[in-house]
Amino acid sequence: MQPLQTLLVVDDDLDIRDALQDVFELEGYAVLLAADGLEALAQLRQVESMPDLILLDLMMPRMDGFAFREALRQNTSFNRIPVLVASADLDVKGAAEGLGVAGWLRKPLDLRELLNAVKKLSHLPN
């Protein structure tokens with residue numbers, strides 16, 4: 001039996017986190033949740049195995065997605081995890097390209113597009 005793919009959802013909106021957790025778990029993923037970059041980094045330092053993909057919002061309090069991505073890039077244990085940016089920013093493509101992420105989606109999220117991107121990116125070798 002193939003082990004579960006694990007996703008880390010980093011978003012300050014509780015409703016979005018809960019909805020994404022429900023959707024991803026129904027699709028067979030294990031899901032970790034964080035409300036901002038600081039919480040996400042704390043989770044990454046505690047998990048036994050790294051997630052297969054990080055779904056990252058950009059605009060969050062305490063530590064936003066930009067600072068979180070930079071922290072990931074500075075840590076050799078974390079910098080190989082593919083990151084998919086999801087943002088309502090009108091120039092999310094430009095922001096994502098500057099962060100060196102695996103992909104980007106504009107909010108509000110299209111569920112089919114999200115699931116296709118997650119399926120593709122979560123199977124990349126870390």
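Helix α1 and helix α5, the latter spanning residues 111–122, pack against each other at an angle of about 60°, and their axes lie 12 Å apart. This is a predicted model, and the description below should be read with that in mind. On the α1 side the contact involves L20, V23 and F24, which meet L111, L114, L115 and V118 of α5. Sorted by class, the residues of this contact comprise seven nonpolar, no polar and no charged ones.

A second pair is formed by helix α2, which covers residues 37–46, and helix α3, which covers residues 65–74; they pack at an angle of about 25° with axes 9 Å apart. That angle makes α2 roughly parallel to α3. From α2 the contact draws on G37, A40, L41 and L44, while α3 contributes F68, A71 and L72. The residues that make up the contact of α2 with α3 are six nonpolar, one polar and no charged.

Helix α3 also packs with helix α4, made of residues 92–99, and here the axes come within 10 Å and cross at roughly 25°. These two helices are therefore roughly parallel to each other, and the crossing of α3 and α4 is right-handed. The residues that meet are F66, R69 and R73 in α3 and A95, G98 and L99 in α4. By class, this contact between α3 and α4 has three nonpolar, one polar and two charged residues.

| Helix pair | Angle between axes | Axis separation |
|---|---|---|
| α1 and α5 | about 60° | 12 Å apart |
| α2 and α3 | about 25° | 9 Å apart |
| α3 and α4 | roughly 25° | within 10 Å |

The structure holds one cavity of 30 Å³ or more, and the space in the largest cavity amounts to about 30 Å³. Its lining is made up of V10, D11, I16, L20, L55, L56, D57, A86 and L109. Helix α1, residues 14–26, and strand β3, residues 53–56, each supply at least two residues of that lining. L20, which lines the cavity, also takes part in the contact of α1 with α5. In terms of class, the lining of the largest cavity has seven nonpolar, no polar and two charged residues.

Some individual residues also deserve a description. Q43 lies in helix α2, and, leaving aside residues up to four places away in sequence, Q43 touches L8, L32, L33 and A34. The C-alpha atoms of Q43 and D12, which stand 31 residues apart along the chain, are separated by 15 Å.

In the loop between β3 and α3, R62 has a phi near 60°, which is a positive value in a residue other than glycine. In the loop between β5, residues 103–106, and α5 lies P108, and a cis peptide bond with omega of about 0° joins K107 and P108.

Notes. Residues numbered from 1 in each chain as written. Predicted model: local features only at pLDDT ≥ 70, side-chain atom pairs only at ≥ 80, totals over all residues. Heavy atoms only, no water. 1 Å grid on protein atoms, 1.4 Å probe; cavity = no way out; pocket = protein on both sides within 12 Å on 5 of 7 lines; lining within 4 Å. Points joined across faces, edges and corners; volume = space filled by probe spheres on them. Helix = DSSP H or I, 4+ residues; strand = E, 2+ residues; numbered from the N terminus. Nonpolar A, V, L, I, M, F, W, Y, C, P; charged D, E, K, R; others polar. Axes fitted to C-alpha atoms, helices over the stretch in contact; angles between N-to-C directions. Parallel < 35°, antiparallel > 145°, perpendicular 65-115°, else oblique. Contact = heavy atoms within 4.5 Å. Left-handed = near helix turned anticlockwise from the far one by under 90°.
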